[in-house]
Amino acid sequence: MTEQEKMLAGELYFPSDKTLTALRKNCRKQLDILNSTCQTEHKKRTQLLKTLFGKTGKRLYIESTFKCDYGENILVGENFYANFNCVILDAARVTIGDNCMLAPQVGIYTATHPTDPKQRATGIEFAKPITLGDDCWVGGMAVINPGVTLGNNVVVASGAVVTKSFGDNVIIGGNPARVIKVIDTHSTE
């Protein structure tokens, strides 16, 4: 297996591999263009994102600055929005459903490292995919950690650190995140 195949399979891999390094360098060039494109140039910014990401809906918008590792491992649904200073480390697949919003300074991190210090010192790492269902809203400065899946209609409170998966219709918050409230989808609130 190549290092890229290992990375996408969730196995230990070396991120310093020439192919992975070249992919990240190309992504950085695309991000430099995106982040230097005026916010009022919606069509150009949308086209840049559609080229960068693995899959998008028709409608998406990301405020500058935006950072990611590869871009091609990010799949977003229809009507996606990310506010200022979003970071998505997409060494594994990041799948985001329809009608999702990310507040400022949200971090979505698939990349992780071995806990054994000798193994970690070699530079080796691995990644776990992240999935956000439809209609999710992630509050400012929240962090979604490797391997997390959030169901549909999940609200993540500002500053939350999400270390495990949650089902549909919940508001989660804290460090580590826990259910704060179950959302009554029949409410007229």
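This is a predicted model: local features need pLDDT of at least 70, side-chain atom pairs count only at pLDDT 80 or more; totals for chains, interfaces and linings use all residues.

Colleague: Leaving aside neighbours within four places in sequence, which residues is isoleucine 172 in contact with?

Modeller: Valine 162 is ten residues away along the chain, and its C-alpha atom is separated from that of isoleucine 172 by 8.4 Å. Valine 162 is also one of the contacts of isoleucine 172. Written out, the contacts are Leu150, Val154, Val155, Val156, Ala157, Val162, Phe166, Ala177, Arg178, Val179 and Ile180.

**Nonpolar cores**

Colleague: Which residues have the most contacts inside the largest nonpolar core?

Modeller: In soluble globular proteins, nonpolar side chains tend to be buried together. In this model the largest nonpolar core has 38 residues. Those with the most contacts inside it are Phe66, Ile108, Leu150 and Val156.

Colleague: Which helix gives the most to this core?

Modeller: The largest nonpolar core has 38 residues. Three residues of that core come from the helix that gives the most to it, spanning residues 18-36, and this is helix H2.

Colleague: What does valine 156 touch, not counting residues up to four places away in sequence?

Modeller: Valine 156 is among the residues with the most contacts inside the largest core. Isoleucine 172 and leucine 150 are among the residues that valine 156 touches. The list for valine 156 is Trp137, Val138, Gly139, Ala142, Ile144, Leu150, Val162 and Ile172.

Colleague: How many residues does the other core have?

Modeller: This other core lies apart from the largest one, and Met7, Leu20, Tyr70 and Ala92 are among its members. Its count of residues is eight.

Colleague: Is leucine 150 buried or exposed?

Modeller: The place of leucine 150 is in strand S14, residues 149-150. Leucine 150 is in contact with Thr131, Leu132, Gly133, Ile144, Val156, Val162, Phe166 and Ile172, leaving aside neighbours within four places in sequence. The cut-off for buried is under 20% relative accessible area. Leucine 150 has 2%, so it is buried.

Colleague: By what distance are the C-alpha atoms of leucine 150 and aspartate 168 separated?

Modeller: Leucine 150 belongs to strand S14. Along the chain, leucine 150 and aspartate 168 are 18 residues apart, and their C-alpha atoms are separated by 7.2 Å.

**A helix residue**

Colleague: Which residues is threonine 46 in contact with, beyond its neighbours within four places in sequence?

Modeller: Threonine 46 has its place in helix H3, residues 42-52. Its relative accessibility is 16%, so threonine 46 counts as buried. Beyond those neighbours, threonine 46 is in contact with Lys58 and Leu60.

**Backbone geometry**

Colleague: What is omega for the peptide bond that joins asparagine 175 and proline 176?

Modeller: Most residues other than glycine have a negative phi, and most peptide bonds are trans. The bond from serine 64 to threonine 65 is cis, with omega near 0 degrees, and threonine 65 has its place in the loop between strands S1 and S2. Proline 176 is found in the loop between S17 and strand S18. The bond joining asparagine 175 and proline 176 is cis too, with omega of about -5 degrees.

Colleague: What is phi of methionine 141?

Modeller: Methionine 141 lies in the loop between strands S12 and S13. With 54% relative accessibility, methionine 141 counts as exposed. Its phi is positive, in a residue other than glycine, and is near 65 degrees.

Colleague: What is the relative accessible area of glutamine 105?

Modeller: Glutamine 105 has its place in the loop between strands S7 and S8. Its phi is positive, near 60 degrees. Glutamine 105 is partly exposed, and its relative accessible area is 40%.

**The whole chain**

Colleague: What is the radius of gyration of the protein chain?

Modeller: The protein chain has four helices and 18 strands. For its 189 residues the globule rule gives 16 Å, and the computed radius is close to that, so the chain is as compact as a globular protein of that length. The radius of gyration is 17 Å.

How values were computed
Residues are numbered from 1 along each chain as its sequence is written. Side-chain values use heavy atoms; hydrogens and water are left out. Helices (H or I, at least four residues) and strands (E, at least two) are DSSP runs, numbered from the N terminus. The radius of gyration is taken over C-alpha atoms; the globule rule is 2.2 Å times the number of residues to the power 0.38. A nonpolar core is a set of buried Ala, Val, Leu, Ile, Met, Phe, Trp, Tyr and Cys residues joined through side-chain atoms within 4.5 Å. Buried means under 20% relative accessible area, exposed over 50%, partly exposed in between (1.4 Å probe, protein chains only). Contact means heavy atoms within 4.5 Å.
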